[in-house]
Amino acid sequence: SDPGVLVNRRMTKLKKALELIRNHADMGHHKEAVVRAEGFLNTMMHKQPDIRYTLNEAMDERVRTNPQKLTSIFETVVFCGRNNIALRGHRDSSTDVEKDRCSSENPSHGNFRALLHFRIQAGDTILADHLATAARNATYTSSGIQNEIIDILGDQIRLQIITKVKVARWFSVIAD
């Protein structure tokens with residue numbers, strides 16, 4: 001029962017063909033090839049999804065849910081900006097909003113964290129799930145991320161103003 005026969009070499013002894021074929025069918029590499037062939041046929045006959053589509057579905061799910069996770073964070077920054085509320089407090093270096101308990105118990109963590117905590121208490125399950133399950137470096141609540149959000153929002157406001165100025169026949173600028 002040379003594993004090379006029927007795999008690496010052609011069969012030359014036809015008298016022992018039946019025995020070689022039976023032995024070959026019991027070999028591990030043959031059984032593995034049969035399983036792979038069945039998987040291939042199932043995929044080709046659409047009985048089993050192709051791994052590429054399964055991976056794409058997972059990526060599509062992330063692309064769909066990531067904006068939902070960031071919406072609460074963006075809305076909190078916008079709320080602070082519209083109401084002239086400072087984002088950060090005296091000690092605002094922690095990245096774990098859930099464990100900070102940053103409401104009235106510890107006011108030095110800043111308004112941004114207090115408002116995120118308030119949103120969670122008010123029932124924002126998407127934000128609560130995001131902050132509970134995200135890696136520490138992927139919560140998007142750090143002061144650096146807050147600054148990036150402010151920059152993005154500033155760019156959007158600037159674009160809106162420029163668009164309105166281009167459409168208007170007349171405009172004026174008032175500076176204080």
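Colleague: Which three residues are linked in a network of salt bridges here?

Modeller: Glu 75, Arg 119 and Asp 124 form that network. This is a predicted model, where local features need pLDDT of at least 70, side-chain atom pairs count only at pLDDT 80 or more, and totals for chains, interfaces and linings use all residues. Residues are numbered from 1 along each chain as its sequence is written, and side-chain values use heavy atoms, with hydrogens and water left out.

Colleague: What is a salt bridge?

Modeller: The term describes a side-chain nitrogen of Lys or Arg within 4 Å of a carboxyl oxygen of Asp or Glu. Helices here are DSSP runs (H or I, at least four residues), numbered from the N terminus. Arg 119 also bridges to Asp 124, with 3.3 Å between the closest N and O atoms.

Colleague: Is Asp 124 buried or exposed?

Modeller: Buried means under 20% relative accessible area, exposed over 50%, and partly exposed in between (1.4 Å probe, protein chains only). Asp 124 counts as buried at 16%, whereas Arg 119 is partly exposed at 23% and Glu 75 is partly exposed at 41%.

Colleague: How many salt bridges does the structure hold?

Modeller: Five! One of them joins the side chains of Arg 64 and Glu 61, at 2.7 Å from N to O. Both residues lie in helix α3 (residues 51–82), three residues apart, about one turn of the helix.

Notes. Helix = DSSP H or I, 4+ residues; strand = E, 2+ residues; numbered from the N terminus.
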